[in-house]
Amino acid sequence: MDSILEKLGKAVEAGKVDQNSPYPPQMKGEEGADELARQALDAGESASDLLSVALVPAMDRVGQSFSENKIFVPQMLMSAKAMSAAMQHLKPYFQSGDVQTKGTFIVGTVKGDLHDIGKNLVAMMVEGGGWTIVDLGVDVNEDTFNQAVSEHPGAVVGLSALLTTTMANMEVIVQKVKENHPGTKVLVGGAPLNDEFREKIGADFYSPDPRGAVEYLKELVA
Ligand code: B1M
């Protein structure tokens, strides 16, 4: 029999959001990511195991199936919805209870890019690390980032991109922000990036995961 984490992973992979959602038809009436995430946490599974054992591998399998033309954009979108439903239950587990804010972290997915799950995870964990979050959402251009830094002087900026086509848009954002607000630290992340790219575009730090982002910010204020 599947463990609760296996069930959760399968629900996300299938795009089963919650028990009432009609998609996918063959899972009608079955529990979805929403209920299974709650149950897994209530059963004592850790929030980080939910992420690393069930949710993130499920999204990797979704990406793989998409690459192999076994599923298409609508199915990928349903999986993203299921993942987001599960993530709602994780938020309290990443809160530190630290009331004094360490600073402001402006985060967004860059222009042309609609992928927000990784960005949301980063925001959630950085918030848990005691930072105030200004989440600009997805498809965010250089002017919006620049404006946000004007409104929050001294904030650190975080840029996320999931597409090889949109990661190029990071450079323009880094340039604009640094030109208008010298000294602003910019952190970048997302699956197609690496540190070589970070250096090329003039950003200050690259992290492959939310944990690295939290550690970097911690060092900045240490
Ligand atoms: Co898209 N998509 N997608 N997609 N999608 C990918 C990224 C892809 C790899 C799938 C594939 O082909 N195997 C591929 C990109 C190929 C490439 O460029 N190399 C792809 C494509 C091609 C597309 C479209 C072009 C498809 C189309 O329309 N033909 C289209 C583009 C739309 C657009 O953005 N303009 C598209 C659309 C979509 C959906 C909208 C349907 C949906 C997104 C919904 C949403 O986000 N709300 C979607 C999804 C779900 C995926 C996959 C399957 C999953 C992404 C995800 O959420 N992963 C993805 C395949 C994959 O990743 N395996 C895929 C889970 C998440 C936790 O990981 O986002 O990597 P990730 O975040 C990680 C790290 O990267 C890091 O921390 C996170 C946690 O570890 N991180 C940071 C991320 N940002 C960070 C910022 C930081 C630090 C770390 O500091 C600031």
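This dialogue covers the pockets and the ligand site of a predicted model.

Visitor: What kind of model is this, and how are residues numbered?

Guide: The model is predicted: local features need pLDDT of at least 70 and side-chain atom pairs count only at pLDDT 80 or more, while totals for chains, interfaces and linings use all residues. Residues are numbered from 1 along each chain as its sequence is written, and side-chain values use heavy atoms, with hydrogens and water left out.

Visitor: What volume does the largest pocket have?

Guide: A pocket is an open set of points on a 1 Å grid over the protein atoms alone, where a 1.4 Å probe fits, with protein on both sides within 12 Å along at least five of seven lines; lining residues have an atom within 4 Å of a point. Points are joined across faces, edges and corners, and the volume is the space filled by probe spheres set on them. Here the largest pocket has about 1500 Å³.

Visitor: Which residues of its lining lie nearest the centre?

Guide: His-115, Ile-117, Gly-118, Leu-162 and Ala-191 do, out of 50 lining residues. Helix 3 gives the most to this lining, with 11 residues; helices (H or I, at least four residues) and strands (E, at least two) are DSSP runs, numbered from the N terminus. Domain 1 (1-99) and domain 2 (101-222) each supply at least three residues of the lining, the bounds coming from an automatic or database domain assignment.

Visitor: What lines the second largest pocket?

Guide: Ser-84, Met-87, Gln-88, Lys-91, Asn-120, Ala-123, Met-124, Glu-127 and Asp-135 line it. Helix 4 and helix 5 are the elements that give two or more residues to this lining, and helix 5 gives the most, with 4. The second largest pocket holds about 160 Å³.

Visitor: Which protein atom is a donor to the cobalt of the ligand?

Guide: Donors are N, O and S atoms within 2.8 Å of the metal (3.2 Å for Na, K and Ca); water is not among the atoms, so sites may look incomplete. The single protein donor to cobalt is NE2 of His-115, 2.2 Å away. His-115 sits in the loop between strand 1 and helix 5.
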